[in-house]
Amino acid sequence: MTEPAHRTLGMTDDEYARVVEILGREPEPAELAMYSVMWSEHCSYKSSKPWLRRFPTEAPWVVLGPGENAGVVDIGDDWLVALRIESHNHPSFVEPYQGAATGVGGILRDIFTMGARPVGLWDALRFGPLSDPSNRYLFSGVVHGIAGYGNAVGVPTLGGEIEFADCFSKNPLVNVMALGLMRRDQLVTRAAVGEGNIAVLLGSATGRDGIGGASILASASFEEGSETKRPSVQIGDPFEEKKLIEACLELYERGLVVAIQDLGAAGISCATSECAAAGGMGMTVDLDAVHLREEAMTPGEILMSESQERMLAIVAPDDVDEVLALAHKWEIDATTIGVITGGDTLEVRHRGEIVAAVPAASLSEDAPVYHRGVERPAYLDAVWADEATLPAGLDLGSTLLRLLDDPALGDRSWIFQQYDHMLFLDTVVGPGNDGSLMRVKGTDKGLAVSTDGDALRCSLDPRRGAARIVYEAALNVAVTGAAPYAVVDNLNFGNPEKPAVMWQFAETVEGMAEACERLGVPVVGGNVSFYNETDGVDISPTPVVGMLGLADPMPQLPPRLDRAEAGMELWLIGPERGDDFAGSAYCRIVLEHRCGRPAEPDPDVARRVVEHAARLAHIAPVVHDVSSGGIAVAVAEVAIRSGVGVRLDNGDWRLLLDESPHRFVVAVEPGTDLDVSDVASRRLGVFGGDRLDFGRWGTVGLSEASRVWRQAIPRRLG
Amino acid sequence: MKIAVAVFPGSNCEHDVEHALGLLGADVELMWHQEDDLSEFSAVVLPGGFAHGDYLRTGAIARFSPIMDEVSRLAEGGFPILGICNGFQILCEADLLPGALVANRDLNFICSMVHVRVESTAGVLTRDAEVGQVLRIPLNSYEGNFVADAATLDELEASGRVLLRYCDPAGNVTDEANPNGSARNIAAIADPGGNVVGIMPHPERAAEDVLGSSDGRVLLASFVHAAEEASR
């Protein structure tokens, strides 16, 4: 007996029954294809929707919040910023170069579909340990894919973050964030209004690549033999996208577009139905007008194709000729494929026949919502009780070398030197620092961005872990002189049908939401990636925060890690605990211990520390967040990057390696008034010499530390 | 005096060049690659990027764009022509400069600050600089590795047409300081007239201190001054 068609498309029997109910009949094959993709987890957020309402999404500067292609915030002076983050996890496992490349291409379309020019990219990457050749293949493939696409499409990659853990061996995470900039009057939406307006398909021809990407790749778990899913991975063409960006920006400039929508997951199905639904209209679509790469594609295939580099523009009939001429100038394809109609029906024709006629809004708005079971995993009690046994003392010199040799703590320039991070001449603080900082030409403003995640800490306590990455991201933008302004989030989780995974998800949302509330920063968009599960094993809960900060004005000479000089004093700002080792780099790398419960963040202290960092960024040459590896690694990074040694005053070694939150270090000339009376602060030592000198806890030469740090990634790649 | 910046489909540094030359007071206009009349311009910049996606071979398709006939005509007339990165590759493909740019030695894209030493002032890129001067300028390329046969390299050196070489911060030209494997550490060259120049690093990215370096200004200023002279 053969499987019913809806099941092979990833749809449940109940969902199928719902389609029948909406249509009042059995769906045609093309209709079934459309519903299966649009109602997939990837497109419909059916398991996460009830929880995502918890996020604070409002602030006076929010122009568009979650649910749009990208969030949009107002930064003043008539400038708007569009931002978005999205995952491309499963495609990157199946084919790392193209998976990552098309992840970049997809997120950029989400930005320029809003009317903004994409001006920056960030990547949050997670892989299994580099000791495994297959992980090295995935890692270098993803980095090359990001470089190959991002560089050629002409958008700089300004930063990101990386983490390695066993759970990502067969499920790497590739989260890409993008930022766009536009004048206030350039904002466009996807609301297809105006009966008689024409739908124009711009960009690449439509082929069989990526069919079922959303429903099959992104909304299901992996088992042995996932390589056979390779035809579901799309192929990117950055040259086509570059032309498409320039063509669309000129269309907006000339006011030729009523509405526009990029074609991403679910291709033409998604773009046509979302445009029509957003405008409260219907649309008639003629599939015979779609430029195809190969003949004999079925209507369902044309509708579901995820061929890259395509946009659907809604234009007034009188403007069609001008739009087509402009497309011709930029050397991209453009064909009229549809008409906006009254009513609410999306009608699709193929070879003279109606192959689909469905209520447009039903595809996006009537998707099922699941209130999945939630249950706290019992094993957590044992995890929390299992605290690391710390030694009475240690040699910090050799310990530090082990930490600096870790690929997540070592020099990441092997990665970011492959990315053009200087294009557009706005990069004031580039990759390799805490947060990146770009200027906005013609203003005094700077835009800071940091992406942060911490799968290990989130696995130990999702709520605390998630809250802490929000505070860390806020501090990372603050050290450039910026105040936290808006958040986008990428929630990477395992199989939502497991109550323990949904508990992790619910806790994560709560932790992030509360932290955002306490900082007064709105969540303006996000992405949920479920089913990060291979062979029945789920990844650690891995929320990634993309934080936008606004520096207004931008510091004249913003802090960087390489600006410490001999004679400068080193200060720590923020409270110390000395006991927050759960999830720390020291425990993970040296003790190989991954248990315990991370300390709870303190929202009031967090906010004050963030404000101090943003203020001190205007006067201190170095302001650096303390995170993985604690003070010892933070100080070593400054010393290595600045090429100057440092001598720390004696103290408990545990204060140098624990990772209690809300702390940063500054390098300043002696006698500088830091003015930090309402939070703890302590003089740590002084810069000078050619060693990292921890007093009675040991010492290590700067050149040796530097060599180990620089080789952390290259030596593992052979 | 007006300088044209040629824009091919896939170019991406045209606005950066426009901005940096604008800081020096130059009058700059972006010109689409289909243009076949540059008679009102006294100099042309071919900017960085990925003209025609770098498909087939870097610069191989761009050399056939209509604007390149005008670039050749202006080059023959002694007008200043500057190719930066992808523009350098296009000039080589168009036979306006000798040699070729191939994949970097390590087969990775390189975006990084590098040091170059001024070797000769016999080109419109370096006429205002001093021989021996060390400049810190960003490199940003995958095919940045300059190659040519030994006779061509000898000829370039003998005629003072090697304008810049990769070096260490102290100005020593060493293998370690060669980021991409370029023959004899060559980073920029000129044609026999000195008016057509190609440079692999990006001087326009080093024109403001806030971005980390303004060492590229002397190169851009040289070019602007040459353009001013040519317009008279």
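Q: How many salt bridges are counted between chain A and chain B?
A: In this predicted model, one salt bridge joins Asp420(A) to Arg205(B), with the closest N and O atoms 2.9 Å apart. That separation falls inside the 4 Å limit for a salt bridge. The count between chain A and chain B is two.

Q: Which element gives the largest share of the side of chain A that touches chain B?
A: Between the two chains, eleven residue pairs are in polar contact. On the side of chain A that touches chain B, the elements giving two or more residues are helix H8 (133-153), helix H10 (238-253) and strand E14 (427-429). The largest share, four residues, comes from H10(A).

Q: What area is buried between chain A and chain B?
A: The size of an interface is often given as the accessible area lost when the parts come together. Here 30 residues of chain A are in contact with 28 residues of chain B. Phe239(A), Met422(A) and Leu425(A) supply 26% of the area that chain A buries against chain B, more than any other three residues. Carbon and sulfur atoms give 60% of the area buried between the chains, which is about 2,400 Å².

Q: Which residue in E26(A) is the bridge partner of Trp571(A)?
A: Strand E22(A) is mostly covered, with four of its five residues buried. On one side, E22(A) pairs in the antiparallel sense with strand E25 (residues 664-668) of chain A over five bridges, and Glu569(A) stands opposite Val668(A) there. Five bridges also join E22(A) to strand E26 (residues 681-687), again antiparallel. In E26(A), the partner of Trp571(A) is Arg683(A).

Q: Where does Pro553(A) lie?
A: Most peptide bonds are trans. The bond from Asp552(A) to Pro553(A) is cis, with omega near 5°. Pro553(A) lies in the loop between strand E21 (542-551) and strand E22 (569-573) of chain A.

Q: Is Glu592(A) buried or exposed?
A: Glu592(A) is not a glycine, yet has a positive phi of about 50°. Its place is in the loop between helix H21 (585-591) and helix H22 (603-616) of chain A. Because its relative accessibility is 58%, Glu592(A) counts as exposed.

Q: Is His52(B) buried or exposed?
A: His52(B) has a positive phi of about 55° and is not a glycine. It is found in the loop between strand E3 (43-46) and helix H2 (67-76) of chain B. The cut-off for buried is under 20% relative accessible area. His52(B) has 10% relative accessibility, so it counts as buried.

Note on methods. Residues are numbered from 1 along each chain as its sequence is written. Chains are lettered from A and ligands numbered from 1 in the order in which they are written. This is a predicted model: local features need pLDDT of at least 70, side-chain atom pairs count only at pLDDT 80 or more; totals for chains, interfaces and linings use all residues. Side-chain values use heavy atoms; hydrogens and water are left out. Buried means under 20% relative accessible area, exposed over 50%, partly exposed in between (1.4 Å probe, protein chains only). Two strands pair if DSSP finds at least two bridges between them. Contact means heavy atoms within 4.5 Å. Buried area is the accessible area (1.4 Å probe) that two parts lose on being put together, summed over both. A salt bridge is a side-chain nitrogen of Lys or Arg within 4 Å of a carboxyl oxygen of Asp or Glu. A polar contact is a pair of N or O atoms within 3.5 Å; within protein, one must be able to donate a hydrogen and the other to accept it, and residues adjacent in sequence count only if both atoms are side-chain atoms.
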